[in-house]
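The following explanation is intended to be read beside the sequence and the coordinates. Please keep both in view while following the paragraphs.

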Amino acid sequence: MSSPFHTHHADAGISKLSSATPEAELHTFGPDDQTQTQTQGRTRNYSISEAFSTHNNNSSFDIGGRSYVSMSYRPSLLANMNFPQVNSGAEVHEETADLANIGVLDGSDEDNLEDKPPQPVDIDPPAFSDPTSDESTTPLLGNLPSRYYGHLPSIDESEIGLGSPGDDYHRFTQNPTSNQSQPPTLEKQPQPSKLHHYLLQPFHFIPGVFLGTLLNILDGLSYGMIMFPIGDAIFAQLAPAGLSMFYMSCIVSQLVYSLGGSAFRAGIGSEMIEVTPFFHTMAGAIAKELADSSDDAIIATTIVSYAASSIVTGLVFFLLGKLRLGILVGFFPRHILVGCIGGVGYFLVATGVEVSSRLEGGLSYNFETFKYLFYDHITFLEWTVPLALAAVLVVLQHRFHNSLLVPLYFIFVFIAFHLTVAVVPQWSLNTARDAGWVFPLVEDNEPWYGFYSLYKFGLVDWVCILRQLPTMLALTFFGILHVPINVPALAVSVGIDDIDVDRELVAHGYSNAISGLVGSIQNYLVYTNSVLFIRAGADDRLAGVMLAIATAAVMMVGPVVIGYIPVCVVGALIYLLGYELLKEALYDTWGRLRKVEYTTIVIIVVTMGAVDFVAGIGVGILLACLSFVVEAGRTPVVEGIYTGSVARSTVMRHPKQQEFIKHVGDQIYIIKLQGSLFFGSIGGVEKVIKNLFEEEKFSVNPITYLIIDMKGVISLDFSAAEGFRRILNLANTFKTQLIISSVSETDDITQGLRDAGLFDNGTNAPIELFSSLNYALEWCENSFLKTYKKLKKTEVSTHSQSKSVPASTSNRQSQFQSPSSFGARLFGRAGELGTTPRSSQVLQAASRTVYDEHKTQSKFESTKNSLFQKQPLSLMMITFQGLSNKDAEFWAKVAPYFIKEKIPENYEFYNTKNDEPAFFIVESGLIRAVIKFESEGRELHSSILPLVAFGDLDDASEYRQITYTTVSDSLVWKLSKAKLQEMLEKNGSVGQELYHELLEVEAKLIRGRFDTMTANLIIAG
C-alpha cells in the first residue's frame, strides 16, 4: 500500500550542524564559605557560644522552623536595590573595542603606542634541582625544575582560590628570604593517636551533645506529645506513649545516619512534624469507623497504622534512592510545597488551642466551641497565656538573633511557673493539674517502653488499616519532599561540596523502615538542628552516637517528667512552630511570587484547615498539574516566523535564479516550533497560523508553501496532532502546500501525526515531509523554478510563432521597454493564470527574469562570432550574468587559460587546506561543498549547480577548510594558480585588469554565499 505522504532525505554523507554548547559557569567557594576557624595553624571546633554567635544573621533561622523556615530568607527592601545590572550588547561591544589592542600592540596602555627599540629578553638557563638531594615527599614537585617555581612572586593562595584558612590539608610554606631555587618544604600536621580519639575526643563533643539533647527534648515536647489527638478522650492518656515513640524514632535515625548511612557524619534525625496532621486524620478516621469497638482495639489499630506508614515511607525512600530517582522530587513546584507547609502551620495553631484548653473532639467552627473558648475565663486564660508567651518570644526573636534564645526562654518560663506555684498561697502542683495548667502525672509503674503494650495485634482491624492507605501515601508523598530540599541546603551550610542525594534517600529508607519495625514513626534529617549540632563542635560520627545514647537516657526518664511540665510551655512551643510555618507560607512569599502562585498557596492552606490534610494534598497535586499546564501553555512554542526571501537553502545557484527566488520568496513561510506541543500549547500555534491566513494579510502576502519546522520540538501529544489536522484543513482551503521539516519516518512526532490521521488527506495535495529545513527550502525553491520553466516554454512557443516575421535588432531591442510590457506580450496566455495575488507575484518575477535574460541575449547577438561559440567563453558569459558587466571580447582573453576537467562521481577534487588555489565554473553535474569546523564532526553542507562559479584566486589554506566533492559525474572548467600566473605574465596590464575583474566576481560570489549561509545557520539552527 502506497504511503499518502512523501519523505525526503539527504544522502548518507550529509549531516547537520549541531549548535555549540555554552561553557558552564564555575563557582569557587572562598574563605567565607568555611565552617571552621584557624588558630595558630591548627584547626579547632566552635564552642557552643561561638556556634550561635558566628551563625548567619538570618532572623528566620531558629529551632522552631526546622525544615523550611531557615531556607526562606526574606531580604530587606534595601538589599533588593543592589541587584546586579543587566548589561546590554552595546556595552559589551564597547568593552570589547576598548580591549582590541590587547595582545596586538606592545605594552598594556593606550599611552604606550610610540615606537620603541626592541628590548633583549633575558632567558635564564634551565636550572634543574638534584632529585637525589630533594627530600620533598611530594613526587610531582620533587623532580620539577626549579625555574617552574623558583622565580615566582609571593602570591597569597586565597587570592587565586587555591586554599583557605580552613583547609585541613598540608600546605606549602616558603621563606621569602631563602634562596629562590630552594624547593618548598612541607609542614606536617600532628595526627592524634587512636587512644586520643576514643578516650579524649568524646569530651570535646559534650557541649554539642548537650545542645543536641536539649533540641530533642524541646522537639519532643512540641511534636511527640501531640502525636496522638490527646484532645479526644480515647487518646487523652497517650501523650507519654507519643513522647517515647518520638524518642525511639530519633534514636533509630541518629544511629543510621551516624554509623555510616549518611554522608553527614553528625546529622540529627528527628520526627517529621509535618506528618502529625496525617496521624490525627488516621486516628480520627479509625476511631469513627471502629466506634462500636473497644478503646483498646481503636488504639491498637491506630498505633499499627502509624508504624505501617513509617515502613511504607521507608520503602519509597529506599526505592527512590536505589533507582537514583531523587531528582524527580525536584520537579514538584515549590509553591505547592510551601502551601502544604502553611497548612501544617495552621494545623499546629489549632492543635495549640486544643492542647492548651483541653478541648475534646478537636477544634470545630461552631458556636459551642466559641462559648467554650471565650465564656469561661479559666479556659480563656489557658489557651491565651501560651499564645501570649509565643508572641513575646517572637518579638524577642526580632530583636535578638541568637538561636540560644528559644531554649533559654522556655527554661525561664518553666522555672517561673514553678516559682509562681510555690509562692502563691493555696496553690500547688496538684491544684494546677486539676485546673489544667500542668500535664497529669504518669503512673509510677509505667516504663518508657509502655507503648509496646498498645500493640495488641489480635485486636487490630487490618481492613481498616488498608482503608487508611490513601492517607499513608499522602503522608509518604509529603515526607519525601524533605530530603531533596534539606540535604543540599545542609551540604552548603557545613561545607560539603559533593553530596549524593540518592545516598541520603537510601539512608532515610533504612531509618524509616527500621523505625516502623520497632514500633515507631517517620523521621528525617533535620536541617536546623544539624547545623547547630555540627557548629557546636560535634562534627564526628562518634558525636552522633553519643547524642543517640543521651536521647535514650532522656527517653527512659521521660514519662515521669511529663507530670511536671506546664501546659503553657508545650502550648507556646506549638504556637511558635505554627506561627513560623504560617509566616513562611503566607508572609515571606508576599510580593515574591506571582499572584497565581500566591493564590494557590492560600487555597491549599484553607483546604487543609477547612477539610483535611489528604484533601489539601490532593488539591496541591491538582494545582501542581494545573500550574504546569498553565506555565507550559504560556511558554511560547513558536520560536520564529520567517519568509523565503530571508530563509534560503544552502544551494549555490546562478545569480539570476537567486534573484527570481528572492522575488517569490515571500510566498514561503517558515514557522519554527520548540518545546512540548500538547493540548495547552497547540492553540497558540493555530492562532499564529490563522493570523497569517487572514483575508487582508493573505491578499498582500499570499502563501504558497507553509513549512512547519519541528527541530526544536521535544514531544507531541494526540491533542496537538489533532491541531495539525485543523492546520492542514486551513492550508487546503487557501490552496497552500503544508510541509513539515526536521522529522524522520520513525520518530515519535511522525508516528503521532500518522496515528492522528494527518496523512489521510484524500484528494488534496499530500503533506511533504523533510528531514531538515534546508531540504524543505530547497524543494520549495525548485518548485518555483519549475513554474518559471513552464512560463519559459510558453515564451518559446510564442517566440517561434513570431519568428516567421524577422525583425531587425533595433526593432527587437525596442520591444523590451519594461518587464511589465514584455511580460504582458510574452505571457499573454500564461498571464491568464495570474488572476490571484499569488500567481501574479510569480508571473511578475518570471517576467522580470526573462526580460533581463532577453536583454543579455540581445546584447550578445550583436557580437556573436566564431570565438563566442567556443567554450568556455559562452559558459563564462552565462555564469557571470549579474556578476560582471564586461563583454565577450574582454573575457575572451582569459578563456583559453581555463582547463576542461571531467570528474567522476564521489571524488574530492579540491580541498582549500591541501590544494593550490583554483577557480572553477561548473558546466554540468552536481557538486557538494563541505565547510569544515574546528570541532570534530561539525560540518556545513552546500550544493553547487551548473552555471555557477566557485573557488579561490589566492591562497585560502589559512582560513576555514572547505572540500568540494562531486555528487554525480561533473564537467568543470578550472583556472589553476599556474595558469593564472601565466595569464598575468603574458597580458601585462590587460592581465591585471582581468585579474581585478575576476576578484570582483569572486567577492560577489563570497558575499552571496555568506548571506545564504548565515541566514540558514541562524534560522535552521
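The model is predicted, so local features need pLDDT of at least 70 and side-chain atom pairs count only at pLDDT 80 or more, while totals for chains, interfaces and linings use all residues. Residues are numbered from 1 along each chain as its sequence is written, and side-chain values use heavy atoms, with hydrogens and water left out.

The chain contains 34 helices and 20 strands; these are DSSP runs numbered from the N terminus, helices being H or I over at least four residues and strands being E over at least two. Of its 1021 residues, 47% count as buried, where buried means under 20% relative accessible area, exposed means over 50%, and partly exposed lies in between (1.4 Å probe, protein chains only). The accessible surface of the chain comes to about 52,400 Å², and 58% of this belongs to carbon and sulfur atoms; such areas come from the Shrake-Rupley method with a 1.4 Å probe, and for residues only the protein chains shown count as cover. Among contacts between residues at least 6 apart in sequence, 79% join residues at least 24 apart, a contact being heavy atoms within 4.5 Å.

Strands of a sheet pair through backbone hydrogen bonds, either parallel or antiparallel.

Because 5 of its 7 residues are buried, strand 15 is largely enclosed by the rest of the structure.

A second open sheet of 4 strands has the order 14-19-16-17, again with antiparallel pairing. Its edges are strand 14 (908-911) and strand 17 (939-944), each with a single partner strand, so one side of each is left without a neighbour in the sheet. Strand 14 pairs with strand 19 (residues 962-966) over 3 bridges, and N911 has T963 as its bridge partner in strand 19.

Helix 34 lies across strand 16 (927-932), strand 17 and strand 19, running at about 130 degrees to strand 17. T1012 has its place in helix 34. With a relative accessible area of 10%, T1012 is buried. Leaving aside neighbours within four places in sequence, T1012 is in contact with R648, S649 and T650.

On the surface, L408, I411, F414, I415, L419, L441, V560 and Y564 form a nonpolar patch with about 740 Å² of accessible area together. Patches are made of residues with over 30% relative accessible area and no salt bridge, like charges being joined within 9 Å and nonpolar side chains (Val, Leu, Ile, Met, Phe, Trp, Tyr) within 5 Å. Helix 12 (residues 405-423) supplies the largest share of the patch, 5 residues. V560 is found in helix 19 (residues 541-562) and counts as exposed at 52% relative accessibility.

The whole structure holds 17 salt bridges, each a side-chain nitrogen of Lys or Arg within 4 Å of a carboxyl oxygen of Asp or Glu. In one of them, E289 and R467 have their closest N and O atoms 2.2 Å apart. This pair links distant parts of the chain, with E289 in helix 7 (residues 276-289) and R467 in helix 14 (residues 462-467), 178 residues apart. E289 counts as partly exposed at 34% relative accessibility.

Methods
Two strands pair if DSSP finds at least two bridges between them. Axes are lines fitted to C-alpha atoms, for helices over the stretch in contact, and angles run from 0 to 180 degrees between N-to-C directions.
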